[in-house]
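Reader: Could you walk me through this one, starting with the ground rules?

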Amino acid sequence: MGQYILRRLLQAIPLLIIITVIVFFLLKSAGDPLAELSLDPRITESDRLLKRAEYGVDDPLPIQFVHWLIGDDWYVRELELPASDTTFVAPNLCYGQEIPEGERVTLTLPNGTEQVTLIKNNQCYRVFYQRNDNKGILRGDFGMSLARGRPVLEVMGQALPNTLLLGITSYLVIIVFAFSLGIFQAIRQYSFFDNVITTISFILVSMPIFLVALISVYIFAVQFRKWGLPYLPVQGMYSVNTDYSVGDLIRHMILPVFCLAAISVAGYSRFVRASMLEVINSDYIRTARSKGLGERRITYVHALKNASLPLVTLMGLDIPFILAGAVVTERIFSWPGMGTLYIESLGRLDYTVVIAFVLMLAIAVVIFQLITDVLYAVLDPRVRYS
Amino acid sequence: MKKLFRVVSLSLMMSLMLVIGVRVVSAQGTTIVIGWEQEPSLLSPVSDMAFASYLTNFYARDIIAYYGNNAEITPIMIEEIPTVENGGVVETETGATQVTYKLRSGMLWSDGEPITTADCALGHRLYSDETTGAFQRGSYLEQVASFEVIDDLTFVITYKGPFPDYLVDATPTCGFPAHKIAPLLDEGKKLEEMPFMSPAGATEYVGYGPYVFEEWRVGEQISFVRNPNWGNNPWEQAPAIDRVVARFIFDAAQMRNALEVGDIDLAFNWPVSDAGAYGAIENVFVWSTPGVFQDALWLNMQPTDPSPASQALADVNVRKAIIHALDRQKYINTLLDPDGTLGIKVPANYFHPNWVPDDVQPLAYDPDLALDLFADAGWTDTDGDGVLDDGNGNPFLIRTYTTTAQIRLDFLTLIQADLKAIGVNMQFFGVPGGTVLFADFEQRGIIATGDFDMTLFALSFDPLSPNLGDLYWFGCDKIRRPGGGNGYGFCNPEFDALAEPIATTVDPDARRELYYKAARLLSEAQFWHGLFPRNTFYAVNSAKFNPDSMVEMGVLTGNYFNRVEYWTPAG
């Protein structure tokens, strides 16, 4: 088993590299994240060039990828700033140091950045630019968020707990209701309630989540308010004036959790129902009955364990996406989680955040796939990896 | 079965109890909650690029502000606006503009420290040192020759030459507290690296404004409470609203729902197509203020298409004829303002109305005159097929391009019908803006190469001074060449010759006349015809707040909330 896990982990490395390369180049081809700088008349040409140099957005794409991997604190970019923007500096002086005409001198600026500078035509030109703080992801530095000016890990670290709270809660609701309804339908096949639940399931599975969200907001918030009933909040984690109580949090979670769970419960319960129907009609269940085992023990111990095998695969695929956040749901309900962060970063071409996000998701998928395979061996003794 | 019912009933009951039972703490006094569509990244007013930097008006005022829909300039930190008349602006021996600013006495930062010219000197340092991270400095480096502190309340700034835009561009800043910023700059920190610029340290931010930070809940809201050190001087209006909350709502439909259920009190910057839905909400007052974009029809004065109809556009009377055939106010009333309550009018000129003389007006809807002008140019319906032709079997057919924005396509549908009514055929195409319509010359962009008869798009103008960028779009040297955006072929040496005197004439009246002349030359060319102004829309809960105290929100993209201290609760 140990060798199997190790082999799978090693196999994941090229996969992650391929995913990263594709996402990086696709995102970089989508546009210029600092394009808006050129639209703001308050930003001078030299400030714009320096900002672009700081983030290396004008480097060739392969070079940018290398920098993202191993950092660019060793890399010097050549810049020539417009003379009109540099004439404020006194002749032959660059940051208080006198420099002979035409000679390149390395200056350490007050913020610790080293810059090679040159005096030309009595004006101070910074012709080279080198930053000293970008180490690259292989050295544990995911870089700075372009849109937020803060480290990517800090930005993601603020959003992830909120997403986990919403995602895990939703998943618990999904599991409880999907198994309850699926088992209930299987042991009462073709009953009135089986047909009703089946119909509702099909309706919910057919609906996009944004529609479920908007309808639920319309009913439980807008219309409930009009009818004079207690209504649910439609956005955020807490009320505007809040004591940060658990009750307030739960109240804000009801609609997003309902939307996330409704469609999944509908789908999962169909799986549980089908699996349970297959298992409860099998020979070993009949044998168990003939041996006099109680119906509850047969259903919840013997049948459910085997019926849950297909669901383990399904859940193994789904669980990593808890980390990604429910992009649509989080955005609609203004939930400050990973989904909201992702969409906002994508819109602002904040590629450092988006790539880190995709990488995290890819790693989660690999790990949870592995856990799923291991669980298979636990649940089904016939499966062996050695 | 019974168990299932029990479980479901229990869940519903618990949900209901939570809905009813949760106690929400009420903050003392009046709170206004504003729906905000984007979260700011940092608090530095000069290093944040985001839309959300409009929040600055709550907590960080500067020496001047532009109030109201006509952008009236108002002194905030200074005693009066320096002008030639009051002696605040003089010409040096070399002809350069020199401006003297006198700070008001008695101003305090939000932490109680006095505001002095030391803070303005820090502003000069921020703008003139490229390592500070204050990259929204405008042309400060290019224009400013020197900065001199006279005493605790007086400083003088001297420009390198005549500089009439001293209140609009390269204006000094006193909005940063030296006692907080300077020590950190000395340590080598940039503005964006200072702890109080980020969400975690926001409550430590020190500014000069009616409010101070109360809390920044990342991804959810920023709240402000009254600044205890604002309101002690006659010019500091103490806010009537105790607390302001900017609540982040990223989905447009949810913004409306949030206003309807009372989660927020004010929604702004929503699309005009939502005006009806907002207006239908009970106790909600809807209004708009002018924006800095005007959607317009741009006719090609130097057509590239060899067809006779396209070539006819080189004739100013044909261009006028096309516009006379269009009932533009009807389009506005049909698509944007059915009740007429928003008061949206056809724009008269590319420049902001502040810089356009009264005699420049939009061409009137007059289809008969349009037909006469076409006939004078040799275009009549000779074969009786309902389409104008040149007598040689060439019908009048023009191509119009716009972006894929639905509102523009809707306008063109109405335009097509009006043109058809007088015998002009128009095909129109909605194409991707960034990659096709607005792509640069090297990438064969439609506008840059002039490969169109008519286009519909918007450029932004500067309401404070058209000198700052607006004149750029119309130069003869910008026609269809790399780096040039003038694909419509307007070229008038007389217009180009106005650029230099406009940039250097300090006398406001003489300068205004120059602007009027430029506006008239643009108008006479008949290649730009406004369709609708891109207003900024607002909706407020009028049961809680007095809309009359809010309607003057401003015209600039960044000054929406600089009169927040004058807002009042309803009743």
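Author: First, a term: a disulfide here is a pair of cysteine sulfur atoms within 2.5 Å. The model is predicted, so local features need pLDDT of at least 70 and side-chain atom pairs count only at pLDDT 80 or more, while totals for chains, interfaces and linings use all residues. Residues are numbered from 1 along each chain as its sequence is written, chains are lettered from A and ligands numbered from 1 in the order in which they are written, and side-chain values use heavy atoms, with hydrogens and water left out.

Reader: What is the handedness of the link between Cys120(B) and Cys174(B)?

Author: Their sulfur atoms sit 2.1 Å apart, which makes the pair a disulfide. The angle about the S-S bond is 110°, and the link is right-handed.

Reader: How many residues apart in sequence are the parts that this pair ties together?

Author: Look at where each end sits, with helices (H or I, at least four residues) and strands (E, at least two) taken as DSSP runs numbered from the N terminus. Cys120(B) is in helix H3 (residues 117-128) of chain B, and Cys174(B) is in the loop between strand E7 (154-159) and helix H5 (178-186) of chain B, so the parts tied together are 54 residues apart.

Reader: Is Cys476(B) buried or exposed, or partly exposed?

Author: Buried means under 20% relative accessible area, exposed over 50%, and partly exposed in between (1.4 Å probe, protein chains only). Cys476(B) forms a disulfide with Cys491(B). Its relative accessible area is 22%, so Cys476(B) is partly exposed.

Reader: What is the strand order in the open sheet of five strands in chain B?

Author: Two strands pair if DSSP finds at least two bridges between them. Seven bridges join E13 (residues 293-299) to E16 (residues 454-460) of chain B, running antiparallel, and Phe293(B) stands opposite Ser460(B) there. The edge strands, each pairing on one side only, are E15 (425-430) and E17 (528-533) of chain B. Pairing across the sheet is mixed, and the order is E15-E14-E16-E13-E17.

Reader: Which residue with a positive phi follows H12(B)?

Author: Within the helix, buried residues include Leu409(B), Leu412(B) and Ile415(B). After H12(B), phi is near 95° at Gly423(B).
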